[in-house]
Amino acid sequence: MSGLNASLGYFTAVVLFAALIRALFKKCGRLGFVLEFASSFALVACRLEVQTIVEVGEWAGGLGPDVTLTVLFAVLLTHGVVCGHASGNPALALQKFLQLEAGVLHTVLAVAAQFVGAHLALLVAAYYWSLELTDMHMIKALMWSQCSSSLLVSLPQGFITEGVCALVFHLVLLNLQRRSALIRVPLVAVLLTFLTHIAKSFTSAYMNPSLSYGLTFHCPGFTFSEYALVYWLGSLTGMILALLLYTGHIPRIFSRNLLYSQKGRVRGRKGDKGEKKKN
């Protein structure tokens with residue numbers, strides 16, 4: 001339990017840092033990218049510790065899969081509550097750009113901030129492990145340079161896995177975007193936990209370019225470009241397909257609806273007008 005207590009203190013410190021940044025910059029619209037930095041930092045820093053609990057705690061600390069899944073869900077739920085609409089996910093930043101909800105400069109700054117946050121989280125976590133507060137962290141510090149890659153399948157299989165998981169995730173998120181946070185945040189946390197669990201033997205389904213950069217790009221086994229093909233291109237492909245299926249088109253690229261006919265809506269409006277004239 002000492003390992004979990006140390007992890008709890010680490011999680012608390014990271015979340016408080018993100019909450020402080022959010023409180024300071026929440027009302028600064030032009031500095032919204034700072035919120036994305038804090039969100040990405042908190043998500044990657046916490047997921048790195050969750051990864052430690054999964055990789056080391058399950059065999060060295062006697063922690064079962066039920067504990068690790070509970071910790072993962074708690075981390076995702078807390079992140080959703082504390083960071084709000086700042087997702088820390090470059091795929092979601094690009095999705096807003098494609099939906100005409102964000103401009104070029106805002107998107108570039110947001111994506112850059114998300115990767116900077118992920119890299120800083122990597123450095124902070126490595127320093128935290130080097131303190132060797134528990135046996136679990138001592139083992140993690142020793143195996144840090146030779147970590148196990150999350151990509152456990154071939155590149156085509158990995159690309160398909162990330163793409164399909166991202167497709168499901170973004171479709172659900174698009175359908176929940178107008179729902180209350182009380183409904184949206186827990187459902188998204190459950191979905192992410194479920195997808196991560198079922199894909200743990202394939203890619204771990206990060207569906208987030210900055211998160212995958214922080215969690216597995218530094219691990220040996222594949223080159224940077226191979227990781228990018230699976231975790232970046234795969235995630236973005238799934239996001240674009242989800243947006244196309246949900247709206248029928250990509251607003252930033254073309255306005256014509258390719259999948260869904262508007263005739264039904266037009267006829268409905270004409271019928272309403274006719275009824276009004278009769279009345």
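1. The side chain of His137 makes a polar contact with the side chain of Tyr128, at 3.2 Å. This note concerns a predicted model, and the distances and angles below are computed from it. His137 belongs to helix H6. Its relative accessibility is 0%, and since buried means under 20%, His137 counts as buried.

2. Which residues of helix H6 are buried? In this helix, which spans residues 135–142, they are Met136, His137 and Lys140. These residues cover an arc of only 90° around the axis and therefore lie on the same side of H6. An α-helix has 3.6 residues a turn, so residues three or four places apart point the same way. The face of H6 turned away from the buried side carries Asp135 and Leu142, which are exposed.

3. Helix H3 comprises residues 65–83, and helix H8 comprises residues 181–198. The axes of the two helices come within 9 Å and cross at roughly 140°. Are H3 and H8 oblique or roughly antiparallel to each other? Only angles over 145 degrees count as roughly antiparallel, so the pair is classed as oblique. The crossing of H3 past H8 is right-handed.

4. What does each helix contribute where H3 and H8 meet? From H3 come Leu69, Leu72, Phe73, Leu76, Leu77, Gly80 and Val81. Their counterparts in H8 are Val185, Pro186, Ala189, Val190, Leu192, Thr193, Thr196 and His197.

5. Thr70 is a residue of H3. A polar atom of the Thr70 side chain lies 2.7 Å from the backbone oxygen of Asp66. How far apart are Thr70 and Thr193 in sequence and in space? They are separated by 123 residues in sequence, while their C-alpha atoms are 8.9 Å apart. Thr193 is also one of the H8 residues that meet H3.

6. Is Gln99 buried or exposed? Its relative accessibility is 15%; as the limit for a buried residue is under 20%, Gln99 counts as buried. Leaving aside residues up to four places away in sequence, Gln99 touches Leu174, Gln177, Leu243 and Pro251.

How values were computed:
Residues are numbered from 1 along each chain as its sequence is written. This is a predicted model: local features need pLDDT of at least 70, side-chain atom pairs count only at pLDDT 80 or more; totals for chains, interfaces and linings use all residues. Side-chain values use heavy atoms; hydrogens and water are left out. Helices (H or I, at least four residues) and strands (E, at least two) are DSSP runs, numbered from the N terminus. A polar contact is a pair of N or O atoms within 3.5 Å; within protein, one must be able to donate a hydrogen and the other to accept it, and residues adjacent in sequence count only if both atoms are side-chain atoms. Buried means under 20% relative accessible area, exposed over 50%, partly exposed in between (1.4 Å probe, protein chains only). The arc is that of the directions from the helix axis to the C-beta atoms. Axes are lines fitted to C-alpha atoms, for helices over the stretch in contact, and angles run from 0 to 180 degrees between N-to-C directions. Angles under 35 degrees count as roughly parallel, over 145 as roughly antiparallel, 65 to 115 as roughly perpendicular and the rest as oblique. A crossing is left-handed if the near helix is turned anticlockwise from the far one by less than a right angle, and right-handed if clockwise. Contact means heavy atoms within 4.5 Å.
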